[in-house]
Amino acid sequence: MFDSVKLEKGMYHLANTTFAQALEAADPSEAYVGTPLAALDAYERQLKRFDIHISGPACDCVEKFFTTTESAVLFPEFVRRAVKQGMEESILPELTAATSAVNSTCYKGFTIDESDGAYSATTGEGGNLKVTTITEAASPITLDKYGRVISASYEIVRRQRLDSFAVALRAIGRKLAGAIAAKALAKLKESVAAIDLTGATLSYADLANLYGQFTDFDMTTVVASPKTVAAILAMEQMSDRVADEKGTVYLPFGAKLIKDASLSDTTMIGLAKDYALECVTGSDVLLETDQLIHCQLDRIAVSVRVGFVPLMRGAVAVVDWT
């Protein structure tokens with residue numbers, strides 16, 4: 001049962017296994033089907049075991065994790081989950097068709113050659129079908145390391161409520177992911193030749209022209225700077241657009257409109273989200289767990305390795321009026 005699991009800091013250092021996976025192996029969730037604990041994962045059951053409340057009116061302070069040596073082992077996972085949640089709130093999931101995890105600092109993708117003939121070409125009896133050739137990329141990409149050091153002494157942090165401390169950690173994760181998303185957008189932008197505006201200034205005709213660049217795929221997403229998004233929302237054709245419950249606005253032809261401050265005010269990127277970009281991760285969110293377990297919070301180093309590979313030709317279009 002969950003209340004008899006032996007918690008040790010070595011659970012963070014098992015080969016090819018995360019702390020959450022190690023907990024799940026020691027206390028499988030399948031054993032709780034049909035019980036009041038069925039909605040909790042193995043980590044959340046450990047929080048219940050040590051009566052640690054991370055949200056709500058009875059939310060505890062950070063020091064509650066350090067009541068015992070075993071409960072202290074849970075704190076790095078709390079930090080990791082909060083940072084990871086913030087990263088997942090960024091626009092990055094809106095840009096990537098696939099995510100690949102590799103145990104390396106570099107990655108070789110693939111290239112597609114469709115020059116043998118058009119898909120519309122027919123083949124007679126006994127004839128050869130046209131060939132699409134997929135080969136390994138000529139050179140690997142390097143997975144860049146993104147990270148942040150959080151400096152906060154235990155004496156300062158210990159009396160902070162866990163829910164408010166988690167907000168700060170989520171914000172750090174979100175900003176970190178924002179920097180990673182900026183790299184993804186740069187990869188998309190450099191993968192195609194940009195087209196110009198149809199007139200002297202940005203107009204609805206340019207949105208329609210961007211949409212018209214997609215022949216094999218449907219444009220699902222348009223990303224622009226906050227200033228450019230504001231200009232689009234002010235267009236007469238957008239007067240009847242209403243944001244959904246998440247604050248998302250869709251263009252009249254169905255594409256999601258997203259703002260990102262890393263783009264210049266003279267750039268607009270359209271993409272078919274399910275075909276445009278591969279995200280390659282060399283690691284999950286990494287922490288210096290031993291220091292956290294022993295209350296050494298002066299330097300909480302958070303890092304992740306990520307790279308991006310453009311996928312299908314025709315899944316990205318860029319308007320640039322620099």
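A salt bridge is counted here when a side-chain nitrogen of Lys or Arg lies within 4 Å of a carboxyl oxygen of Asp or Glu. The model you are viewing is predicted, and a search of the whole structure finds 18 salt bridges in it. One of them joins the side chains of D27 and R45, with a distance of 2.8 Å from N to O. Because D27 sits in the loop between α1 (19–26) and α2 while R45 belongs to helix α2, this pair ties together parts that are 18 residues apart in sequence. D27 is buried, with a relative accessible area of 3%, and R45 is buried as well, with a relative accessible area of 0%.

Another salt bridge brings together the side chains of D51 and K64, at 4.0 Å from N to O. Both residues lie in the loop between α2 and α3, so the pair ties together parts that are 13 residues apart in sequence. Here D51, at 43% relative accessibility, counts as partly exposed, and K64 is also partly exposed, with a relative accessible area of 23%.

What does K256 form with E94? The two form a salt bridge in which the closest N and O atoms are 3.2 Å apart. Since K256 lies in strand β9 (residues 256–259) and E94 in the loop between α4 and β1 (98–101), the pair ties together parts that are 162 residues apart in sequence. K256 is buried, with a relative accessible area of 17%, whereas E94, at 26% relative accessibility, counts as partly exposed. Elsewhere, salt bridges that share partners join D41, E77, R80 and R81 into one network.

We can now turn to the aromatic rings. A search of the whole structure finds 10 aromatic pairs. In one of them, the rings of F65 and F78 have their centres 5.4 Å apart and their planes at 45 degrees, so the pair is described as tilted. F75 and F78 both lie in helix α4, three residues apart, which is about one turn of the helix, and both are buried. F65, at 0% relative accessibility, likewise counts as buried. Together, F65, F66, F75, F78 and Y154 form one aromatic cluster.

Note on methods:
Residues are numbered from 1 along each chain as its sequence is written. This is a predicted model: local features need pLDDT of at least 70, side-chain atom pairs count only at pLDDT 80 or more; totals for chains, interfaces and linings use all residues. Side-chain values use heavy atoms; hydrogens and water are left out. Rings of Phe, Tyr and Trp (its six-membered ring) pair if their centres lie within 6.5 Å; planes under 30 degrees apart count as stacked, over 60 as edge-to-face and the rest as tilted. Buried means under 20% relative accessible area, exposed over 50%, partly exposed in between (1.4 Å probe, protein chains only). Helices (H or I, at least four residues) and strands (E, at least two) are DSSP runs, numbered from the N terminus.
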